[in-house]
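Please work through the exercises below with the sequence and the model at hand. Each task is followed by a solution in steps.

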Amino acid sequence: MTALQFGIMNRGQFPIGDDPKLHWDELVEQARAAERLKFDSIMKGSHYSSWPLMDFQQVPFLARMSGECPSLRLLCGICLLPLHKPLDVAETFANLDVMSGGKLIFGVGLGYREVEFKAFGTTQKDAVPRFVESLDAIRRLWTEERVTMKGSHFELIEAACTVKPVQKPTPPVWVGANADRAIERAARLTDAWFINPHNTVATTARQMEVYKRALDKAGKPMPAELPMMREVVVGRSREEAIRTAEPYLMAKYRAYKEWGQDKVMPEGDGDFGQDYEDLLKDRFLFGSPDEVAEQIIGYINRFGINHFVFGIQYPGMPQSMVLDEMAMLAEEVIPMVRSGV
């Protein structure tokens, strides 16, 4: 197992109509704080047509942050692989691995929003085959000099990714997966299942058994690096954390519901329209530094998580609140976790 690591997700999502330059400057300030506070990774997701939120794009964000926080790993979390052509993805993310000195984590997934599939000329029905063949093509482009391969939506004829990743044979490949079948696919095809932030503890426990069985079937051990993301709000008490986060976290999960995220969740975990208190139960990490540390230690001991990504920035949340939480995580929570496992 690798050493315990902690990352920050910079969502980069803000209310429509806000000043994008102001918010970009805030994201850069958060990245610099992550470097100063000695986090291990910085993550950015990817969505298009993100109404009712503005959403900064993944690749330019990660490219900038490779310079702002050079000691941090760059977590692509996640690239919606079925929307793209593999040669473009291979070249773009190989460049990011070089720019960061070999610190890219290549997170991939299917996506779930019809507006995105249609805009890129595909359908949700074709997502799985496009995902599988694109991942194969990207790996070949990263490791072979020339590639000839015909897929359902591309053809490579002696194609070359001339800038190869620094990491050999490839950067780590993680899959963000909600459904059991996607978790089984993660076990077969990639380096790790990137456990999502939305599932309850009970669902995570059940799906961990799905993952272990699929690894056994594939003849693979548990991955050396097992990542998880959780929504985290730290306050001086659980009550304070719950109260102060409510308008911002609910804005994010209302958008998820509008996008249809809850429709692709496992059975029992998919109601993002429920009351705030019900949404929080067994799902997110809220509380004082002691309480949040205890919850994280529970995940580590129960599931073997060793790369923990904190989702802490939600639409409309004041910058001061984000920076205060980052400081509490780095200076209080993480030391308690490290000493407690």
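The model is predicted, so local features need pLDDT of at least 70 and side-chain atom pairs count only at pLDDT 80 or more, while totals for chains, interfaces and linings use all residues. Residues are numbered from 1 along each chain as its sequence is written, and side-chain values use heavy atoms, with hydrogens and water left out.

**Exercise 1.** Determine whether Q313 is buried or exposed, and identify the backbone atoms that lie by polar atoms of its side chain.

*Solution.* 
Step 1. Locate the residue: Q313 belongs to the loop that runs between strand 13 (307-311) and helix 11 (319-340). Helices (H or I, at least four residues) and strands (E, at least two) are DSSP runs, numbered from the N terminus.
Step 2. Q313 has a relative accessible area of 2% and is therefore buried (under 20% relative accessible area; exposed is over 50%, partly exposed in between; 1.4 Å probe, protein chains only).
Step 3. A polar atom of the Q313 side chain lies 3.0 Å from the backbone nitrogen of G12, and one lies 3.3 Å from the backbone oxygen of Q13.
Step 4. Beyond neighbours within four places in sequence, the contacts of Q313 (heavy atoms within 4.5 Å) include N10, R11, F14, L27, Q30 and V322.

**Exercise 2.** Describe the surroundings of A31.

*Solution.* 
Step 1. A31 sits in helix 1 (residues 20-36).
Step 2. Its relative accessible area is 0%, so A31 is buried.
Step 3. With neighbours within four places in sequence left aside, A31 touches N10, I42, M65, E68 and C69.
Step 4. M9 is 22 residues from A31 along the chain, and their C-alpha atoms are 9.8 Å apart.

**Exercise 3.** Classify the packing of helix 6 against helix 7.

*Solution.* 
Step 1. Helix 6 (residues 180-189) and helix 7 (residues 201-218) pack at about 40 degrees, their axes 8 Å apart. Axes are lines fitted to C-alpha atoms, for helices over the stretch in contact, and angles run from 0 to 180 degrees between N-to-C directions.
Step 2. The two helices are therefore oblique to each other (angles under 35 degrees count as roughly parallel, over 145 as roughly antiparallel, 65 to 115 as roughly perpendicular and the rest as oblique).

**Exercise 4.** Classify the packing of helix 2 against helix 3.

*Solution.* 
Step 1. Helix 2 (residues 58-68) and helix 3 (residues 86-99) pack at about 15 degrees, with axes 9 Å apart.
Step 2. Helix 2 is therefore roughly parallel to helix 3.
Step 3. Q58, V59, L62, A63 and S66 of helix 2 meet T92, F93, L96 and M99 of helix 3.

Methods:
A polar contact is a pair of N or O atoms within 3.5 Å; within protein, one must be able to donate a hydrogen and the other to accept it, and residues adjacent in sequence count only if both atoms are side-chain atoms.
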